Amino acid sequence: MKFTDGYWLMRPGVTAQYAAEVADVRADEHRMTLYAPVKHVRGRGGTLNSALLTVDCWSPAEGVIGVRVTHHAGTVRRGPEFALPGARQDAGKVRRDGPVVELGAGALTLRVDTSRPWRLEFTAAGEVLTSVGERGTGFATDADGRHFMLGQLALGVGEAVYGLGERFTPFVKNGQSVDIWQADGGTSSEQAYKNIPFHLTNRGYGVFVNHPGKVGYEVGSEAVGQVQFSVEDQSLEYFVVHGPTPKEVLRRYTDLTGRPALPPAWALGLWLSTSFTTDYDEATVNRFVDGMAERGIPLSVFHLDCFWMRAYQWCDFEWHADTFPDPAGMLDRLRRRGLRISAWINPYIAQKSAMFEEGVREGHLVRRPDGSVWQWDLWQPGMALVDFTRPASRAWYTGKLRALLEMGVDCFKTDFGERVPTDVVWHDGSDPERMHNYYTHLYNQAVFELLREVRGEGEALLFARSATAGGQQYPVHWGGDCESHFNAMAESLRGGLSLGLSGFGFWSHDIGGFEGTPTPAVFKRWVQFGLLSSHSRLHGSTSYRVPWDYGEEAVEVTREFTLLKHRLAPYLQRAAQQAHTTGVPVMRAMVLEFPDDPAAATLDRQYMLGDDLLVAPVFTDDGTVEYYVPEGTWTNVLTGDRITGPRWVRERHGFHTLPLLARPDSVVPLAADDQRPVSAWADDVELRVHDFADGAERTVVIPRPEGTGGAARFTLRRRGGRLDVTTDSTRPWRLRFGGPQGALHARPAGTPEAAFAYPS
């Protein structure tokens, strides 16, 4: 939200006051409180008839400093609040030296010189990361009498801002006005399904605004050298999170707000959907499953979209008897074919659903201030909203899902959760404005925790559309409703990369696009992109996404990249384990992996898949692609071609290849079994060695499909013309230098050491 009219004036009806100096400091060993008048006080009279801001400063964790600015402290705080599982109260250390007071939190320090005009400096390694200046701490009222707290943090020259959730607008957020407010706006607007009040920059820090309601950001827009954030409240709380690397920023941020759970490894395989409004019944499902098998395309998960239930009755969680007369038998037959089952749900109860009357009678539905149930006709006629703030309502809703799990469903697509009204009363008394964004968290949390209870740790999995801060704990999330063309494919990637820089470890999208029908070219290119994402689902709206609808070559491309993903499964599972333990996403913006390369700062049409694979999807009909190669010699995993960077590359690819480059000094493990995502990965694993420099050493862990442990460990060392390998594996293994054309060297079971001549 903007308050000023240019540099000197305020907007009509707006008044603002800002902290001017420090009048007093109260500090103990671990935290400090600054009292800041909104004018320079020259005498006793200056203390009268004016505001005094209270600024509390503390550290909840090493490398993190919290600031809470309060105008009037007597406001009733109704909640909800973000849970901060990684926070503790006494991580900081206060130091005073004359008029200077400092709060240290590891390498991060907040410095305040109380003898000078208002200024907060956040420093690390002797350098100022960012600062709060003369208009950086204050409050404003508008023409309607609304009261806003606002903060500003300075941007340096060349400083770029990223994150703020899954945003489909330009990847670098500088110059944008962003409202953190959940909306069902598709992927081609400024609205977002996943609004996260967290941003990071390429200067070694991030900022989390700890407010679950609407947060208005002006990112170098209202004041071009500042990131401003404001909330309609009497207090504003934010955390500055130090790196120094962006990976370390994400590690600290997700430690504070919660790490992603580790999804089951079977979810790495290919998902196929019925699509949305297409005609489908059990015969359609069988035709699709048979068709994939007949064409040699392994399928891991089958998804049943909305019309597994009857029209007008979403959700009642009852199968449509005309189209699915024997659901338990159908699920059993599909599971015996090795498939997992996903089912669509949403948190709404249509008036025609039998659950509506039950929900009204038992008090499970959100009500208006007059006591009536909140309803509208958008999406489902007369639909109401489950009140997840009421424990009994949560149990009622998840109890219906429990019956589906017992029938054979494995996971749920938790759709919607964005259009949450503010003219309502919540059971726990929550503030409706704050609950608008937070509702999705309660919804996804309830379903995820049910899955974890019923299926067990490591087996819970969602396919969620909406989220707020902390929602990364309940993966997987997908990009929502995109169109079926190359622009939509590119905007989807932008959104996914932004979400990854907001603390979310796993992300997917509708292969082929959702709205409309893709051309064969778009479908084939999206298949490549989709099967080189953390999770891969074929799904549409009014048309199917079975590959044979797009030609024989589409079948070939889908088969080839599905088999490739299965071979990459141990590599991808290791990246998933990293996301689970560190918060670093599987799909990584280039700036995350190469923060010291200025060329990486703006790249949004390519990404790193895990530590070592660069992916540049093709967004053109003729196969032309432009991408940037960082320093070193990279190897195309599909073709064996070698490219030395740093430089830009322009290539043309047929539908069977794309830029998929292995990093220099990398070892990429490939499973021997390409027919399924979960197999004995360490058994006959192939180690692909790429451009090892003399003296390089690398340890590769072949993970187990479950948990975070490893099944085998290989250490590779190059010494001149020789490569030495040591391992604790008791299974046979293989090694290949470079691309697929390189010679394959096999070693039998029980070979703990081996030496290879390094090719010149």
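Modeller: Let's start with Arg 77, which is partly exposed because its relative accessible area is 45%. Bear in mind that this is a predicted model. The side chain of Arg 77 meets that of Glu 81 in a salt bridge, at 3.6 Å from N to O. Glu 81 has 36% relative accessibility, so this residue counts as partly exposed too.

Next comes a pair between Arg 642 and Asp 691, whose side chains form a salt bridge at 2.1 Å, N to O. That one ties together distant parts of the chain: Arg 642 sits in strand 36 (residues 642–652), while Asp 691 is in the loop between strand 39 (685–690) and strand 40 (697–703), 49 residues apart. With a relative accessible area of 55%, Arg 642 is exposed.

Now for Arg 734, which makes a salt bridge with Asp 684; their closest N and O atoms are 3.7 Å apart. This pair links distant parts of the chain as well, with Arg 734 in strand 43 (residues 733–737) and Asp 684 in the loop between strand 38 (666–670) and strand 39, 50 residues apart. Arg 734 has a relative accessible area of 16% and is therefore buried, as the cut-off is under 20%.

Across the structure, the count of salt bridges is 58.

Conventions:
Residues numbered from 1 in each chain as written. Predicted model: local features only at pLDDT ≥ 70, side-chain atom pairs only at ≥ 80, totals over all residues. Heavy atoms only, no water. Salt bridge = Lys/Arg side-chain N within 4 Å of Asp/Glu carboxyl O. Buried < 20%, exposed > 50% of the residue type's maximum accessible area, 1.4 Å probe, protein only. Helix = DSSP H or I, 4+ residues; strand = E, 2+ residues; numbered from the N terminus.
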